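Trainee: I'm new to this one, and I'd like to know where the labels come from. Can we go through them together?

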Amino acid sequence: MSAAKAARAWQRMLSGRRLDLLDPSPLDVEIGDIAHGLARVARWNGQTSGDHAFSVAQHCLIVEEIFRRCNDASPDESMAALLHDAPEYVIGDMISPFKSVVGGGYKAVEARLEAAIHLRFGLAPHPSRELKDRIKKADTVAAYFEATLLAGFTIAEAQRFFGRPRGITKEMLEIEPLPAIEAQRLFCERFDAIEAERAKAKRVSA
């Protein structure tokens with residue numbers, strides 16, 4: 001057997017699921033695994049101030065909060081915003097400069113994971129370009145506050161890279177890095193709340 005055929009391309013999750021990284025199945029995606037993983041992946045390669053790493057789970061919560069404040073969002077759109085970085089529970093958070101170096105292979109794996117995650121939770125495999133752009137705007141606002149409050153960027157640097165946020169202030173956001181277990185709990189709670197909103201919307205439209 002060749003080395004290529006023998007290579008392991010799956011990861012075992014704490015739920016017991018075995019997720020194939022090259023051909024992920026929605027059936028092997030669990031929100032508990034996502035929340036657990038994202039709460040333990042550090043943003044900014046861990047180069048943030050505070051007693052705890054600033055996790056991707058906390059970042060996702062902030063992005064979804066900004067997204068809702070800036071949009072008349074449907075429950076499905078809010079779920080897409082919450083899950084916008086969900087593939088990172090498997091592949092980690094790679095800073096943008098390094099993503100540009102790695103190129104297409106990373107993006108292909110990320111896209112397959114995104115599709116599996118979205119299908120698992122009843123969303124389109126990928127957001128529309130319009131929705132993706134709106135989520136990206138919220139993500140950029142979050143990055144500005146993370147950069148200036150946690151990652152050591154000056155205001156001028158952050159404005160150059162991310163622009164100046166409008167309509168959102170740091171007082172609106174839970175930006176202080178949380179313990180992993182707390183970020184995990186809050187992520188699950190927000191997921192459950194959005195799922196309840198989605199179920200209610202379906203009953204109303206039925």
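Predicted model: local features only at pLDDT ≥ 70, side-chain atom pairs only at ≥ 80, totals over all residues.

Trainee: What makes H8 roughly antiparallel to H9?

Mentor: The axes of H8 (residues 129-149) and H9 (residues 155-162) come within 9 Å and cross at roughly 160°. Angles over 145 degrees count as roughly antiparallel, so H8 and H9 get that label.

Trainee: Which residues of H8 and H9 meet?

Mentor: Thr140, Ala143, Tyr144, Ala147 and Thr148 in H8 meet Ile155, Ala158, Gln159 and Phe162 in H9. Contact means heavy atoms within 4.5 Å. The residues in this contact split into six nonpolar, three polar and no charged.

Trainee: Why is aspartate 139 called buried?

Mentor: Buried means under 20% relative accessible area, exposed over 50%, and partly exposed in between (1.4 Å probe, protein chains only). Aspartate 139 has 12%, so it's buried. Aspartate 139 lies in H8 and touches His59, Val63, His84 and Asp85, not counting residues up to four places away in sequence.

Trainee: And alanine 206, buried or exposed?

Mentor: Its relative accessible area is 87%, so alanine 206 is exposed. You'll find alanine 206 in the segment after H10.

Trainee: What makes H4 mostly covered?

Mentor: Six of its eight residues are buried: Glu77, Ser78, Met79, Ala80, Ala81 and Leu82. What covers those residues includes H3, H8 and H10.

Trainee: Which residues touch the most other members of the largest nonpolar core?

Mentor: Ile34, Leu83, Tyr89 and Phe187, out of 49 residues in that core. H3 gives the most to this core, with eight residues. A nonpolar core is a set of buried Ala, Val, Leu, Ile, Met, Phe, Trp, Tyr and Cys residues joined through side-chain atoms within 4.5 Å.

Trainee: What does isoleucine 34 touch?

Mentor: Val29, Ala86, Tyr89, Ile117, Phe121 and Phe187, again not counting residues up to four places away in sequence.

Conventions: Residues numbered from 1 in each chain as written. Heavy atoms only, no water. Axes fitted to C-alpha atoms, helices over the stretch in contact; angles between N-to-C directions. Helix = DSSP H or I, 4+ residues; strand = E, 2+ residues; numbered from the N terminus. Parallel < 35°, antiparallel > 145°, perpendicular 65-115°, else oblique. Nonpolar A, V, L, I, M, F, W, Y, C, P; charged D, E, K, R; others polar.
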